[in-house]
Amino acid sequence: MEMATNRAFIFLGPPGAGKGTQSKRFARRCAVPHFSTGDMLRDAVSRGTELGRLARPIMERGELVPDDVIMKMVEERLAEPDCAGGVVFDGFPRTLPQAEQLGRVLESKGFGKPVVVDFEVSLDVLMRRLTGRWSCSVCGAIYNAYDAPPKVRGTCDHDGGKLVQRPDDRPDVVKERLVAYERQTMPLADYYRRQGLLDAVDASAGMEDVSRALEAIIKRIEGRDGRL
Ligand code: AMP
């Protein structure tokens, strides 16, 4: 089912909560772009652009790229015509200044208030998901060595592409990324809760359960605000 929307969806939650998988699905369902700042940065790194050269060492340490750099990248992408009908943000915003600036940008574009979904999940589930995560080097499909393995080890089920592990999914870097999340991103849940914009899903559940929980949130918002 497709929805008409000029609304931004923000998927909030620690690395490994399943935001990537769910936000890609969700964006397809709503027929709006999947807007992942992490994917954009990885693309810049692999192309060796100025942005990529700046971001690479920061990402390798598991730290956050500076707000002004992120906001410039986000605003440029948001100005493209395919974003006019709405977007699903994945991994953005990550800090309070990013969230505040995003609020101003969305307002100036005539977007409704964002729908924010917090992915709640425990630390041990996160470690297992992150250190077991592999993705297709061709189509980006995500697998988990423990919970959702491919049919053939190291090979994508969809297109036979080689599966690769992100350099920042090594256990020591994962730890740093979780620290950055706790210090810089966790306060956003309160920020959006105070504005009455926060919904939550139990992200420890399986993929289909989380999808159903997201669907229920949409139905409730549609019931309140009309068709999105
Ligand atoms: P992700 O794929 O969302 O986990 O992002 C991978 C890495 O990219 C993060 O660990 C950060 O170094 C960087 N990054 C992605 N999105 C942001 C953001 N919104 N703000 C700052 N850094 C980011």
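The model is predicted, so local features require pLDDT of at least 70 and side-chain atom pairs pLDDT 80 or more, while totals for chains, interfaces and linings use all residues. Residues are numbered from 1 along each chain as its sequence is written, and side-chain values rest on heavy atoms, with hydrogens and water left out.

**The ligand**

Arg42 places a polar side-chain atom 2.9 Å from a ligand oxygen. At Glu63, a backbone N or O atom lies 2.5 Å from an oxygen atom of the ligand, and a polar backbone atom of Val65 is 3.1 Å from a ligand nitrogen. The protein covers 95% of the 480 Å² of accessible area that the ligand has on its own (Shrake-Rupley method, 1.4 Å probe; for residues, only the protein chains shown count as cover).

Remain at Thr37, which lies in helix 2. Its relative accessible area of 4% makes Thr37 buried (buried is under 20%, exposed over 50%, partly exposed in between; 1.4 Å probe, protein chains only). The side chain of Thr37 reaches the backbone oxygen of Gly91 at 3.1 Å.

**The aromatic cluster**

Now select Phe9, Phe11, Phe26 and Phe119, which form one aromatic cluster. Rings of Phe, Tyr and Trp (its six-membered ring) pair if their centres lie within 6.5 Å; planes under 30 degrees apart count as stacked, over 60 as edge-to-face and the rest as tilted. The count by this rule is six aromatic pairs. Phe9 and Phe26 are edge-to-face, at 4.9 Å centre to centre with 75 degrees between the planes. Phe9 belongs to strand 1 (residues 7-12) and Phe26 to helix 1 (residues 19-30), 17 residues apart. Phe11 and Phe119 form a tilted pair, at 5.4 Å and 35 degrees. Because Phe11 lies in strand 1 and Phe119 in strand 4 (residues 115-120), this pair ties together parts 108 residues apart in sequence.

Move to the three-stranded open sheet, whose order is 6-5-7 with antiparallel pairing; strands pair if DSSP finds at least two bridges between them. Strand 6 (142-144) and strand 7 (163-164) stand at the edges with a single partner strand each, so one side of each lacks a neighbour in the sheet. Three bridges join strand 5 (residues 133-136) to strand 6, and Ser135 stands opposite Ile142.

**Two backbone features**

Finally, select Phe92 and Pro93, whose connecting peptide bond is cis, with omega near -5 degrees. Pro93 is in the loop between strand 3 (86-90) and helix 5 (96-108). Then select Ala31, which has a positive phi of about 55 degrees although it is not a glycine.

Conventions:
Polar contact = N/O pair within 3.5 Å; in protein donor to acceptor, adjacent residues only side chain to side chain. Helix = DSSP H or I, 4+ residues; strand = E, 2+ residues; numbered from the N terminus.
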